[in-house]
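I am opening a notebook page on this model. I want to look up a few residues and their surroundings, one at a time.

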Amino acid sequence: MMAVMSKYCQVTGRHAGVGNSISHSHRKTRRRFNVNLQRKTYWVPSLDRRVTLTVSARGIKTIDRRGINSVIAELIRIGEIKP
């Protein structure tokens, strides 16, 4: 069975926003501003295993900047993933 992809970034917490689409005649209809979510698998040396995360493009940049070990340690601390 295929896992359902979460609708938020596990690293940054970003999720879809809502607002209005405004036409040329200025009619307003509700719409969603979705986040660019990706499923990424990372090798985590401190856990000696692979971890699959649902992350936004900003979350991928955060992992590149801070390092996967630092980000995973934070996610374990807040209970987002199991150790």
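I looked up Ala73 and found it partly exposed, because its relative accessibility is 44%, where buried means under 20% relative accessible area, exposed over 50%, and partly exposed in between (1.4 Å probe, protein chains only). Ala73 lies in helix α2; helices (H or I, at least four residues) and strands (E, at least two) are DSSP runs, numbered from the N terminus. I also checked Ala73 against Ala16, which is 57 residues apart from it along the chain, and the C-alpha atoms of the two are separated by 25 Å.

I note the basis of these values: this is a predicted model, in which local features need pLDDT of at least 70 and side-chain atom pairs count only at pLDDT 80 or more, while totals for chains, interfaces and linings use all residues. Residues are numbered from 1 along each chain as its sequence is written, and side-chain values use heavy atoms, with hydrogens and water left out.

Next I turned to charged pairs. With a salt bridge taken as a side-chain nitrogen of Lys or Arg within 4 Å of a carboxyl oxygen of Asp or Glu, the count comes to one. Glu74 forms a salt bridge with Arg77, and their closest N and O atoms are 2.7 Å apart. The two are separated by about one helical turn, because they are three residues apart in helix α2. I recorded Glu74 as partly exposed at 31% relative accessibility, whereas Arg77 is exposed with a relative accessible area of 59%.

Of its 14 residues, Leu53, Ile63 and Ile72 touch the most other members. At least two residues of this core come from each of β3 (37–44), β4 (49–56), α1 (57–66) and α2 (68–78), and α2 gives the most, with four residues. Counting contact as heavy atoms within 4.5 Å and leaving out residues up to four places away in sequence, I found Ile72 touching Val44, Leu47, Val51, Leu53 and Ile81.

Last, I followed Gln10, in the segment before β1 (17–22), which is buried with a relative accessible area of 15%. Its side chain makes a polar contact with the side chain of Glu80 at 3.2 Å, a polar contact being a pair of N or O atoms within 3.5 Å; within protein, one must be able to donate a hydrogen and the other to accept it, and residues adjacent in sequence count only if both atoms are side-chain atoms. A polar atom of the Gln10 side chain also lies 2.8 Å from the backbone nitrogen of Thr54.

Terms used: Core = buried A, V, L, I, M, F, W, Y, C linked by side-chain atoms within 4.5 Å.
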